[in-house]
Amino acid sequence: MAQMGRPRTFDRQAAVEQAMFLFWQQGYESTSLSQLKASLGGGISAPSFYAAFGSKEALFREAAQRYLETFARVTECLWDEGMAPRAAIELALRQSASMQSEPGHPPGCMVALGCMSAPTTEHAAVATPLTASRTRTRAGFARCVERGMASGELSAQTDGGALAFVFDSFLSGVSIQARDGVGYAVFDAAITQLMRVWDANRVPG
């Protein structure tokens, strides 16, 4: 009797999460197939890997999507029209800084660090979802500033583009600082100071 193939010995959803953590820590190009196989557990062979995920690139895209649907949601409040714009910016900054510095996963943000995940032209397209997410967050900050100006909270003389860039640049920098071991308490205090930039542009009264 022909021997049946060995059933999968790994949980696919858990495997994608483990791959996400590895890509988050090392980036796409720096992560090898052997490292992925080892992180997935169950002694998965190369043929089984390709049968389950198709390719390293396909697995990265799936892992990136998992990140965008979970950890990256911390900045979605930027698009909540029901929140005051200043409050939405502050919440996005604090939630993201907290997530990036908490234990249980790699430090920093997979989206922010995505610019170096696949830096060569050959693989640049694989990081497109992360690039799109950075663009969306940048637009979210701009939208909040626009709402602040439209409501009359911010002065008409406010340089809206520059103000939005201040918040977006700070958030991008959090990833590097988190990788260097900076804790949330430092980020928390810095965000309090940063929000004074918004207050400096308020209409007096």
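This report describes the fold, helix packing and selected residues of a predicted protein model.

Residues are numbered from 1 along each chain as its sequence is written, and side-chain values use heavy atoms, with hydrogens and water left out. Because the model is predicted, local features need pLDDT of at least 70 and side-chain atom pairs count only at pLDDT 80 or more, while totals for chains, interfaces and linings use all residues.

**Overall fold**

The protein chain has eight helices and zero strands, where helices (H or I, at least four residues) and strands (E, at least two) are DSSP runs numbered from the N terminus. Along the sequence the pattern reads α-α-α-α-α-α-α-α. The C-alpha trace spans about 85 × 30 × 30 Å along its principal axes. Of the 205 residues, 40% count as buried; buried means under 20% relative accessible area, exposed over 50%, and partly exposed in between (1.4 Å probe, protein chains only). Contact means heavy atoms within 4.5 Å. Among contacts between residues at least 6 apart in sequence, 71% join residues at least 24 apart.

**Helix α1**

Helix α1 (residues 12-26) has 15 residues and reaches 21 Å from its first C-alpha to its last, close to the 21 Å expected at 1.5 Å a residue. The expected span is 1.5 Å times one less than the number of residues. Buried residues in α1 are Ala 15, Val 16, Ala 19, Met 20, Phe 21, Leu 22, Phe 23 and Trp 24. Their cover includes α2, α3, α4 (56-69), α5 and α7 (160-179). After α1 comes Gly 27, whose phi is positive, near 90 degrees.

**Helix packing**

Two packed helices are described by the angle between their axes and the distance between the axes. Axes are lines fitted to C-alpha atoms, for helices over the stretch in contact, and angles run from 0 to 180 degrees between N-to-C directions.

| Helix pair | Angle between axes | Axis distance |
|---|---|---|
| α2 (residues 33-40) and α3 (residues 46-53) | roughly 80 degrees | within 11 Å |
| α5 and α7 | about 10 degrees | 10 Å |

Helices α2 and α3 are therefore roughly perpendicular to each other, whereas α5 and α7 are roughly parallel. Angles under 35 degrees count as roughly parallel, over 145 as roughly antiparallel, 65 to 115 as roughly perpendicular and the rest as oblique.

In the second pair, Ile 89, Leu 93, Ser 96, Ala 97 and Gln 100 of α5 meet Phe 167, Phe 170, Leu 171, Val 174, Ser 175 and Ala 178 of α7. By class, this contact has eight nonpolar, three polar and no charged residues.

**Selected residues**

Arg 86 lies in helix α5 (residues 85-101) and is buried, with a relative accessible area of 18%. Its side chain makes a polar contact with the side chain of Asp 199 (2.8 Å). A polar contact is a pair of N or O atoms within 3.5 Å; within protein, one must be able to donate a hydrogen and the other to accept it, and residues adjacent in sequence count only if both atoms are side-chain atoms. Not counting residues up to four places away in sequence, Arg 86 touches Glu 153, Met 195, Trp 198, Asp 199 and Arg 202.

Cys 115 is found in the loop between α5 and α6 (128-150) and is partly exposed, with a relative accessible area of 45%. Cys 115 and Cys 144 are 29 residues apart in sequence and 24 Å apart in space, C-alpha to C-alpha.

Technical notes: Ala, Val, Leu, Ile, Met, Phe, Trp, Tyr, Cys and Pro count as nonpolar, Asp, Glu, Lys and Arg as charged, and the others, Gly among them, as polar.
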